[in-house]
Amino acid sequence: YNFQAAQVRGVEVEGKITPRPWLTAQASYTLLDSRNLKDDARYYLRELPFRPRHRVFTQVVVGPEWLKVHGDVLYQSEQFQNRTETLVLPSRLFLNAGATARLWRQPAAHLSLEFKNLLDAQSQDIDGYPLPPRAVYVTLAWEREKKTEEPKN
């Protein structure tokens, strides 16, 4: 959604550490302050719709190179659905987990198992359009060998 007159300020912080070859942790946080500057008493200085104030993502990945297991947390604060701040989408918390195993090196092949929305959180982004419930995904990915052409003289 675009607005004729608005002010949006924010801060985003992101970090990643790998204290051991088999352990990685990362996190990000976003703080967003949005204000409607339209010269109309119904909207003036109210938060813009569909722009949550807080968003937090964390992930921990554990395991050797051939088998990685991860857990994710995604939190998003409530957000308004209209310019008068009378319709609200509640905050949400999603927990995800999964594992990826390398089956072969050449050609590279990986098998992944992902569990999304483990708490089966009921949420939506736009009124009437719910986000997916708890789900399980199985993915097989492979990479074809890349052939390099020899230079022609």
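**Entry 1: D33 and its partners**

I started at D33, whose side chain meets that of R35 in a salt bridge, 3.1 Å from N to O. I am working from a predicted model. R35 is partly exposed, with a relative accessible area of 22%. That value sits just past the cut-off, because buried means under 20%.

I then looked for another partner of D33. The side chain of R9 also meets D33 in a salt bridge, at 2.9 Å from N to O. This pair links distant parts of the chain. I found D33 in strand β2 (residues 23–36) and R9 in strand β1 (residues 6–20), 24 residues apart.

Next I checked accessibility for this pair. Is D33 buried or exposed? D33 comes out at 14% relative accessibility, so I count it as buried. R9 has a relative accessible area of 48%, which makes it partly exposed.

As a reminder to myself, side chains of opposite charge can pair when their charged atoms come close.

**Entry 2: a bridge between loops**

I moved on to R105 and E65. Their side chains meet in a salt bridge, at 3.9 Å from N to O. I kept this pair because the cut-off is within 4 Å. Where do the two residues lie? R105 is in the loop between β7 (92–104) and β8 (109–116), and E65 is in the loop between β3 (54–62) and β4 (67–76). The pair therefore ties together parts that are 40 residues apart in sequence. I noted that R105 and E65 are both exposed. D33, by contrast, is buried.

**Entry 3: the largest pocket**

The largest pocket has a volume of about 160 Å³. I listed its lining: L74, F94, N96, K116, N117, L131, P132, P133, A135 and Y137. Which elements give two or more residues to this lining? They are β7 and β11 (135–142).

I sorted the lining by residue class. It divides into 7 nonpolar, 2 polar and 1 charged. K116 is among the lining residues, and I put it down as charged because Lys counts in that class. N96 and N117 also line the pocket.

Conventions
Residues numbered from 1 in each chain as written. Predicted model: local features only at pLDDT ≥ 70, side-chain atom pairs only at ≥ 80, totals over all residues. Heavy atoms only, no water. Helix = DSSP H or I, 4+ residues; strand = E, 2+ residues; numbered from the N terminus. Buried < 20%, exposed > 50% of the residue type's maximum accessible area, 1.4 Å probe, protein only. 1 Å grid on protein atoms, 1.4 Å probe; cavity = no way out; pocket = protein on both sides within 12 Å on 5 of 7 lines; lining within 4 Å. Points joined across faces, edges and corners; volume = space filled by probe spheres on them.
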